[in-house]
Amino acid sequence: MFRFVLFLALTCGGAAVKAQEQPTFHYVVSFPKPAMHQYHVELRTNGWNRDTLQLKMPAWMPGYYQLMNYANNVLGITAQDEKGQNIPIAKTDDNSWVLSGIRQKAIILNYDVKTDRQFVANSYVDSTHAYLIPGNTFLYVDGFLHLPVSVEVEPYPGWPNIVTGLDNVDREPDKYFARDFDILYDCPFLIGNLESLRSFKVRGVEHRFIGYAMGDFDRQDFMDKLAKVVAVGVDIIGDIPYRQYTFIGIGPGRGGIEHLNNTTVSFDGSNLRTAAGMNQTLNFLAHEYFHHYNVKRIRPMELGPFNYDAGSPTNLLWVSEGLTVYYEYLIVKRAGLVDEAGLFADFAQNIRAVENNPGRHFQSLVQASYSTWKDGPFGTQGDAVGKTISYYDKGPVVGMLLDFAIRNATRNEKSLDDVMRFLYRYYYQQQQRGFTDAEFRQACETIAGAPLTELFEYVHTTKELDYDTYLGYAGLKLDIRERQGKKEVEISRLPQPDSLQTAILKSWLGD
Ligand SMILES: [Zn+2]
């Protein structure tokens with residue numbers, strides 16, 4: 001713990017006003033009754049030179065754009081000082097509690113967290129393992145998200161392993177620290193009897209896959225393929241910004257959540273035994289992996305700093321999610337893990353979804369991005385069905401048209417890859433901020449060297465997509481047939497492409 005105290009002093013020792021108030025945060029997580037789907041959290045905090053303190057639980061987690069109201073899962077919250085005297089605590093709104101009479105006292109807060117749903121975006125504990133979402137676990141003090149935090153996980157019998165993206169304190173396997181709460185909230189924990197697959201290095205950096213209940217599959221073949229996926233993903237941007245990356249397999253289920261140096265993914269290795277299952281899994285892992293660039297670092301202005309209370313709506317999820325779907329397909333193709341027909345089939349699936357959804361006449365990509373907090377990530381269901389679209393479908397399709405437009409306008413000198421590299425270098429590395437809607441468009445048009453008016457009409461309006469023109473730039477065409485009231489689509493090569501079309505297709509495919 002010495003190193004941690006020193007770290008705090010170095011971080012907060014600057015201004016005189018801060019010298020008077022140097023709060024510290026230390027959490028201990030334990031599992032007194034995992035079979036009841038609950039876990040326990042203790043927070044020790046002191047150094048407060050004030051009378052009251054407002055504690056909050058985030059209402060959502062970045063990466064899953066829905067209000068989850070994690071505070072509803074907090075049970076039996078109590079607060080005491082270092083002498084064991086109770087400190088008054090009152091709930092003041094849906095996700096806040098206020099402690100009073102705390103000046104110069106050490107505060108020991110205790111609460112349970114109940115977990116009733118096994119899902120990637122909330123904590124889940126049972127008798128075999130624990131999956132902890134930090135935003136579902138650790139209360140923060142309003143106004144103090146910038147301070148460092150330490151976390152200790154109490155050992156539980158039969159659960160020898162812990163995996164998280166956080167750094168250890170003094171190499172102790174159950175003690176961790178984060179330089180601020182944004183980093184803490186970006187690093188879920190998986191605890192139990194876990195399996196580590198053989199790690200690989202890309203550009204000298206270690207990449208791990210550690211999981212729970214991973215099933216029966218050829219581990220070496222899978223990790224060889226995943227190494228290729230990561231290498232191709234890195235080649236698109238050309239830089240590795242983390243010291244180690246971890247894929248955390250949380251067991252069978254649906255969905256994954258991306259983070260700066262890790263991702264938690266639902267994973268069942270038995271799916272890898274069919275070609276379709278392998279393709280689906282590699283696409284999914286390429287998607288979650290590429291997100292560490294696109295959304296975590298290459299990001300809309302609104303997605304950082306986060307509003308943990310109310311959510312952080314943006315018009316640009318079609319870029320953050322849609323273009324990540326676009327790149328997942330291209331990464332797997334360029335890694336040599338799917339053939340051209342498989343790539344075309346992936347895109348055809350999204351085009352089919354777009355063209356068969358009457359919602360395309362009612363909602364644009366920016367509207368779908370902004371409304372996801374209300375409509376859900378795949379558009380509304382039930383009564384309002386047919387009035388909304390999914391940016392997971394139309395996003396990659398518009399991404400493909402945009403890429404072909406840039407390649408055609410620059411005689412295949414530039415592509416969407418150049419746009420992503422520019423956004424990474426200029427906004428993430430140099431400006432250290434997100435970009436606005438206008439800055440994203442400007443980046444695309446500057447690299448294309450031409451206005452992309454129609455492309456951005458596809459983004460901002462419900463204008464029908466002109467597949468023939470844009471696919472034609474790459475020597476491709478789309479056949480649409482009507483079968484039993486549904487549109488069937490197929491992408492194929494034009495019979496006699498010219499040299500530019502041939503060059504665009506070749507470089508796009510990575511052949
Ligand atoms: Zn995603």
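## Buried area between domains 1 and 2

Domain 1 and domain 2 together bury about 1,500 Å², and carbon and sulfur atoms account for 61% of that area. On the domain 1 side, 33% of the area buried against domain 2 comes from V120, V163 and D186, a share that exceeds that of any other three residues. The size of an interface is often expressed in this way, as the accessible area lost when the parts come together. The structure described here is a predicted model.

## Placement of the domains

The domain assignment divides the chain into domain 1 (23-193), domain 2 (201-292) and domain 3 (307-511). This report concerns the interface of domain 1 and domain 2.

The C-alpha centres of domain 1 and domain 2 are 28 Å apart. Contact between the two involves 20 residues of domain 1 and 20 residues of domain 2.

## Polar and charged pairs

One salt bridge is found across the interface of domain 1 and domain 2. The side chains of D167 and R243 meet in a salt bridge, with a distance of 3.0 Å from N to O. Across the interface of domain 1 and domain 2 there are also eight residue pairs in polar contact, both residues having pLDDT 80 or more.

## The domain 1 side

Two strands, β9 (129-132) and β12 (161-164), each contribute at least two residues to the side of domain 1 that touches domain 2. Sorted by class, that side of domain 1 holds 13 nonpolar, five polar and two charged residues.

Conventions
Residues numbered from 1 in each chain as written. Predicted model: local features only at pLDDT ≥ 70, side-chain atom pairs only at ≥ 80, totals over all residues. Heavy atoms only, no water. Domains from an automatic or database assignment. Contact = heavy atoms within 4.5 Å. Buried area = accessible area lost by both parts, 1.4 Å probe. Salt bridge = Lys/Arg side-chain N within 4 Å of Asp/Glu carboxyl O. Polar contact = N/O pair within 3.5 Å; in protein donor to acceptor, adjacent residues only side chain to side chain. Helix = DSSP H or I, 4+ residues; strand = E, 2+ residues; numbered from the N terminus. Nonpolar A, V, L, I, M, F, W, Y, C, P; charged D, E, K, R; others polar.
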